[in-house]
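Here are some notes for a colleague who is opening this model for the first time. Please keep the structure in view while reading the numbered points.

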Amino acid sequence: VSLYNETNGAAIPPTPTVGAVGLIADYAKRADFSSMQEGDALLLVGDEVGMPDGELGSSMYLREVLGREDGAPPSVDLAVERRNGDFIRNLIQSGQVTVCHDVSDGGLIACLAEMALASGVGALLGNPHRPLTPFLFGESQGRYVICVSNPTPILAAARAIGVPVTPIGGSGGNGLTLGGVFDIPLADLRTAHEGWMPAYMGA
């Protein structure tokens, strides 16, 4: 645990870290986030109805956009984490899902941007009919985005065991798009993503 480190004379926040190592019994039964195909459905797993907007606390959005480092971090319910994780793992091991990414730093929008850049395929989001900032940037725990050609059996399996799964759009096009709100070309995302480190090191 890092409690006393400094960078350029300024203290950094405490950074407790947990490392874990796992074993994949069959490497052929795995998922990545670089294999999205045009026309697939995007599903958000673990999106609880009524999830509090306070899940923006201590988020990347708060720090990078608003210049603040405050607020309670996202709440953690270990039973929900395990339920959602078991559901995802079973889908992967049964071969029903091969494209999956966790929602973490930066929230849903960062997750989708990473998937789109890695796959070379855009993502088109539907109107969530809720406040956009917490929907796009909230970092609530125990959530995943999966990309499937046929969402019907996934939605049925989720309902059967009480795992919330929300259709949020589809893959396709050459940008990250939410109709009437933004349309960011993948080329612009890639320039920002890949150009940051060289610019920082050059400075």
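1. Does S58 count as buried, partly exposed or exposed? This is a predicted model, and in it S58 has a relative accessibility of 40%, so S58 counts as partly exposed, since the buried class is under 20% and the exposed class over 50%. S58 is placed in the loop between β3 and α1 (60–64), and its phi is near 60°, a positive value in a residue other than glycine.

2. A positive phi is also found at H129, where the value is near 55° and the residue is again not a glycine. H129 is in the loop between β5 (123–125) and α4 (132–137), and with a relative accessibility of 70% H129 counts as exposed.

3. The sheet deserves a careful look: it is an open sheet of seven strands, in the order β4-β6-β3-β7-β5-β8-β9, and its pairing is mixed. The edges are formed by β4 (100–102) and β9 (182–185), each of which pairs on one side only, while the twist from one strand to the next averages 20°.

4. Within this sheet, strand β3 (residues 41–45) pairs with strand β6 (residues 144–148) in the antiparallel sense, over five bridges.

5. Which residues does N84 contact, leaving aside its neighbours within four places in sequence? N84 belongs to helix α2 (residues 78–93), and the residues in question are G46, G142, Y144 and V163. N84 counts as buried because its relative accessibility is 0%, and its side chain makes a polar contact of 2.9 Å with the side chain of R83.

6. The geometry of helix α6 (residues 186–202) can be checked by its length: at 1.5 Å a residue, its 17 residues should span 24 Å, and because the end C-alpha atoms are 24 Å apart, the two values agree.

Key
Residues are numbered from 1 along each chain as its sequence is written. This is a predicted model: local features need pLDDT of at least 70, side-chain atom pairs count only at pLDDT 80 or more; totals for chains, interfaces and linings use all residues. Side-chain values use heavy atoms; hydrogens and water are left out. Helices (H or I, at least four residues) and strands (E, at least two) are DSSP runs, numbered from the N terminus. Buried means under 20% relative accessible area, exposed over 50%, partly exposed in between (1.4 Å probe, protein chains only). A polar contact is a pair of N or O atoms within 3.5 Å; within protein, one must be able to donate a hydrogen and the other to accept it, and residues adjacent in sequence count only if both atoms are side-chain atoms. Contact means heavy atoms within 4.5 Å. The expected span of a helix is 1.5 Å times one less than its number of residues. Two strands pair if DSSP finds at least two bridges between them. Axes are lines fitted to C-alpha atoms, for helices over the stretch in contact, and angles run from 0 to 180 degrees between N-to-C directions.
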